[in-house]
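User: I would like to learn how to read a protein structure, one feature at a time. Please give the general idea before each case.

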Amino acid sequence: MPVLFVHGVAVREEGDLGWEDLHRATQGVDWPGVQRLLREHVAPGLNPAAPESVHVERVYWGDLGAHFTQGGQFRAAREREVAPEPDPLALDGDALGEALERRLRAAHPVSEWPGVIRVAWGVARDARVRALLADLPPAERWGVLDAAAQARLPAPARRLEPHLPPGLMRARRRNVKRAMQEVRRPLEAFVPLFMGDVLAYLNGRGTPERPGAIPQRVLAGLRAAHAARTHSSEPLVVLTHSMGGQLIFDALHAFLPADPDGAAVRVDFWCACGSQVGAFHELGFTLGGPHPDPHAGGRLGYFWNVWAYTDLLSFRAQGIAPGAHDTAFPLSGLVRSDHLAYLHQPDFYRTLAAKVAVHAGPPDLGDRPLESGA
């Protein structure tokens, strides 16, 4: 009585490229924890006599996702922003122009930036200013450059925001930047890989006749789960999270029908939690055409789509993706963490077990009394 789990984007195992960045940002998907909760709450309904014998596995495809081809250059850029500025005479004309423009922009309101940019580059390219700097101690050179630029600003541009002289404005913006860097730091690692994994799948999934690496991994997992059935009437349950739903949708509606080794594979119950299946299907990004068979030619039994109002990455699918039945699941209300929260809640797995029992279990399971705490 197999159960197969398929994760979504931005999931990496320790040792894979990107793991450290994603682990800091979201802690990732705790597969041992998911496996334990599936065994504890779902497996007993599938095999009450021997729940430990239920085949509970996953399809891991994070190693096939996107990765930073240059090692994540945004980190180096962040370090350059906080590094002390070098001696102006150590910079060539272009580098000095960029540095002086950056300093002056930080000291002036945005309305004055056009004039500031012209003046900064005029000063940086002035050979007389560079000659003057050569006669000054290094500690005084940036101050002289600032003063030279300030003196060249047209009169209207010299009016700064009330009560905010250049030094104070620069300090205020520096403090705001430092605070926001702490907010952006995890996002700079997570968001590129999140979007990158979506694009890696869409660009590399191939065709039904020639599936790409990620669909091949999914097909292999489905075939292995099917082979783990102990008899033909035993249900195969699939749980997907986030982008994993799109992978299974494509597998059921496009890749399996073209796979000679997967002709007998049938998913009796599929739960897509936190998924974007409905959104992807309505946008035309799923395979199988705009109006595929709700039961995927007999390869799909019940399709349960679980979303949450506070999970901003989850979408309704009922009435959009064929065969989907929606449930809005109540989560903690923490928008930052609710996309993964389903996978941590025992109540979700107990509810999943009940849905499996009434839609894919033996006929008498739906008549059994509720267990305490269910």
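Analyst: Start with burial: a residue is buried under 20% relative accessible area, exposed over 50%, and partly exposed in between, using a 1.4 Å probe and protein chains only. This is a predicted model, in which local features need pLDDT of at least 70 and side-chain atom pairs count only at pLDDT 80 or more, while totals for chains, interfaces and linings use all residues. Residues are numbered from 1 along each chain as its sequence is written, and side-chain values use heavy atoms, with hydrogens and water left out.

User: Is Tyr302 buried or exposed?

Analyst: Tyr302 has 13% relative accessibility, so it counts as buried. For a contrast, Glu57 has a relative accessible area of 35% and is partly exposed.

User: How many helices and strands does the protein have?

Analyst: Helices (H or I, at least four residues) and strands (E, at least two) are DSSP runs, numbered from the N terminus. The protein has 13 helices and six strands. Tyr302 sits in strand β5, and Glu57 in strand β2, residues 56-59.

User: Which residues is Tyr302 in contact with, beyond its neighbours in sequence?

Analyst: Contact means heavy atoms within 4.5 Å. Setting aside neighbours within four places in sequence, Tyr302 contacts Asp268, Phe269, Trp270, His325, Lys355 and His359. Asp268 is 34 residues from Tyr302 in sequence, but their C-alpha atoms are 6.3 Å apart in space. Across the protein, of the contacts between residues at least 6 apart in sequence, 75% join residues at least 24 apart.

User: Which side chain does the side chain of Tyr302 join in a polar contact?

Analyst: A polar contact is a pair of N or O atoms within 3.5 Å; within protein, one must be able to donate a hydrogen and the other to accept it, and residues adjacent in sequence count only if both atoms are side-chain atoms. The side chains of Tyr302 and Lys355 form one at 3.2 Å. Another, at 3.1 Å, links the side chains of Thr240 and Trp270. Thr240 belongs to strand β3, residues 237-241, and is buried at a relative accessible area of 0%. In the loop between β3 and α10, the side chain of Ser242 makes a polar contact of 3.0 Å with that of His339. Ser242 is buried as well, with 2% relative accessibility.

User: What is a nonpolar core, and which residues have the most contacts inside the largest one?

Analyst: In soluble globular proteins, nonpolar side chains tend to be buried together. A nonpolar core is a set of buried Ala, Val, Leu, Ile, Met, Phe, Trp, Tyr and Cys residues joined through side-chain atoms within 4.5 Å. The largest one here has 38 residues, and Leu222 and Trp270 have the most contacts inside it. Helix α10 gives this core its largest share, seven residues. A second, separate core has 35 residues, including Val29, Tyr349, Leu352 and Ala360.

User: Why is helix α10 described as largely enclosed?

Analyst: Helix α10 spans residues 244-255, and twelve of its twelve residues are buried, so it is largely enclosed by the rest of the structure. Among these buried residues are Gly245, Ile248, Phe249 and Leu252. Trp270 is in contact with those four, and with others including Val238 and Trp304.

User: How is the packing of two helices described, and at roughly what angle do α4 and α5 cross?

Analyst: Two packed helices are described by the angle between their axes and the distance between the axes. Axes are lines fitted to C-alpha atoms, for helices over the stretch in contact, and angles run from 0 to 180 degrees between N-to-C directions. The axes of α4 (residues 93-106) and α5 (residues 113-124) come within 8 Å and cross at roughly 145°. Residues of α4 including Leu96, Leu100 and Leu104 meet residues of α5, among them Trp113, Ile117 and Trp121.
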